[in-house]
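Here are my notes on the model you sent over. Have the structure open while you go through the points.

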Amino acid sequence: MAAASFSSIFLNSALSLSHSKHRNFPNNHHHSWRGLEHDRTNPSFRSIVRAQSKEDIVIVGAGIAGLATAVSLHSIVMMLLSIITMMDKICALENIRLGVRSLVLEQAESLRTGGTSLTLFKNGWRVLDAIGVGNDLRTQFLEIQGMVVKSEDGRELRSFKFKDEDESQEVRAVERRVLLETLANQLPPDSIRFSSKLLTISKPESGGTMLELVDGTRLSAKIVIGCDGTRSPIAKWMGFSDPKYVGHCAFRGLGYYPNGQPFEPKVNYIYGRGLRAGCVPVSPTKVYWFICFNRSSPGPKISDPAELKKQAKELVRNWPTDLLNIIDQTPDDTIIRTPLVDRWLWPAISPLASSGRVVLVGDAWHPMTPNLGQGACCALEDAVVLARKLANAVKSGSEPSVEDALSSYGSERWPRIFPLTIRANLVGSVLQWENPVVCSVRNNVIIPKLVRLGPLLEHTNFDCQPL
Ligand SMILES: Cc1cc2nc3c(=O)[nH]c(=O)nc-3n(C[C@H](O)[C@H](O)[C@H](O)COP(=O)(O)OP(=O)(O)OC[C@H]3O[C@@H](n4cnc5c(N)ncnc54)[C@H](O)[C@@H]3O)c2cc1C
């Protein structure tokens, strides 16, 4: 049964590969079958949304992990034995794009259009190349040459050039909005259903996994991929604890200079006491900035941009004025404050990445602090590793092999993810030190004399084979 159904995924999707490369992702009010959803009083609507639809692969969450997984599955290329009949039978190995189709459910009405940037290192770029969007993104974002570290009085402590440390390093700050849109544009139409918030997940006796959305829609899925971020309801259902607040929060923003930004393509870092800040040029007109500060609890959520700006500026009011300037240049919809959290995946204590045919990817599985700039890079890595294993299993068509593939994904990724999560946390603790003596040793001895960037970026070596 499963074999027949899975091969039909291949057939259908392989035949429907042509799609517009560049589509817009507006608010999805008129989106195909969900267009009825506003007329909740209509009895026929009720019977439609209550009806159960069946899907083979459902991905929950259209963030970086969800979209990269969907695109990786869609882009999967396999060497297949094809038989060409000429005078005699000749067998040839051919690369065939199989295009495994999935459905992505996203709680929001559209792709995230606001927000700031993320820094992607070479491991992230290797994945983006493998799934075919690297060059498109490269043309839009500046390559960052190095890093300058200063103390809060503006004194330069150290500067590095990335290529001096590692010839193959590639660093760019990418606008999250553009990254999401670029990934989504790779998918066939109707691959993403917006306004589809997962409410509950269950395992009915009849088999499969049942997903119930807040609007009452029920979907039965053969395979569920949870890409629903740090507060993942799927992770919770699988027995994961809530991510833990690590004691500091971050302000982030994207400064906009319509007449051109004035910064060199370098990460500019300032280390203070219990406080650090930095900025990275993103494009000729945009500069990403961040401020990390200690706080005993996450505090209330603040969404008023004026208040966020005021609080951010207050933290660095005596620091070099560049930073205050970028904050002033920041449009309201690109400033946010986030409490930083992580979850350590202790062996034998933490649940596994997969349970049967349900699996987690990205922050839903391994929320980590952003101190190494690796959360999204690792979500991208997860996506290609999972897609490759899942596509092989789907191709073989046997029931246990899908479960084995998901479990093998977890076993392969865990040794990568677990130490990185701890390392990111420890780096954050060191950078958030408050003790004046310790900070003085850090700024006057450790950073200028002892730190080597090359070994610190060792974790960006990730061997991403083509899909
Ligand atoms: C301050 C800060 C700075 C960072 N900087 C970097 C950096 O420089 N480099 C880097 O690599 N990483 C960075 N990260 C980490 C990076 O942002 C995350 O690792 C990455 O966004 C994870 O992507 P994701 O798709 O797993 O989760 P998310 O981006 O959180 O996406 C989850 C998606 O699931 C949807 N969703 C959630 N619940 C449901 C539901 N019930 N039903 C349907 N949909 C749902 C959400 O709406 C969202 O679209 C940073 C993080 C922070 C906090």
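1. Let's start with Ser75, which sits in helix H3, residues 64–75. Helices here are DSSP runs of H or I with at least four residues, strands are E runs of at least two, and both are numbered from the N terminus. Ser75 counts as buried because it has 23 C-beta neighbours inside 10 Å; the cut-offs are 20 or more other C-beta atoms within 10 Å for buried, 12 or fewer for exposed, and partly exposed in between, with C-beta atoms placed from the backbone.

2. Bear in mind that this is a predicted model: local features need pLDDT of at least 70 and side-chain atom pairs count only at pLDDT 80 or more, while totals for chains, interfaces and linings use all residues. Residues are numbered from 1 along each chain as its sequence is written.

3. What does Ser75 touch, leaving aside neighbours within four places in sequence? Its contacts (C-beta atoms, placed from the backbone, within 7 Å) are Ile131, Gly132 and Leu467. The C-alpha atom of Leu187, 112 residues away along the chain, is 9.1 Å from that of Ser75.

4. The largest nonpolar core has 108 residues, and Leu67, Ala68, Val361 and Ala383 touch the most other members. A core here is a set of buried Ala, Val, Leu, Ile, Met, Phe, Trp, Tyr and Cys residues joined through C-beta atoms within 7 Å. Helix H11 (residues 375–396) is the top contributor to this core, giving 14 residues. As for Leu67, its contacts beyond four places in sequence are Ala62, Val104, Leu180, Leu183 and Ala184.

5. On to the ligand: 33 residues surround it, the closest being Gly61, Gly63, Gly229, Gly362 and Gly375 (C-beta atom, placed from the backbone, within 6 Å). H3, strand E5 (117–120), strand E13 (244–256) and H11 each give two or more residues to this shell, and H11 gives the most, with 4.

6. Strand E12 (residues 218–226) has 7 of its 9 residues buried, so it is largely enclosed by the rest of the structure. Strand E11 (residues 209–213) runs antiparallel to E12 and is joined to it by 4 bridges; pairing needs at least two DSSP bridges. Glu212 stands opposite Arg218. The two strands form a hairpin with 4 residues between them, and Gly216 in the turn has a positive phi of about 95 degrees. E12 also pairs with strand E19 (residues 358–360), in the parallel sense over 3 bridges, where Ile225 stands opposite Val359.

Technical notes: Contact = placed C-beta atoms within 7 Å.
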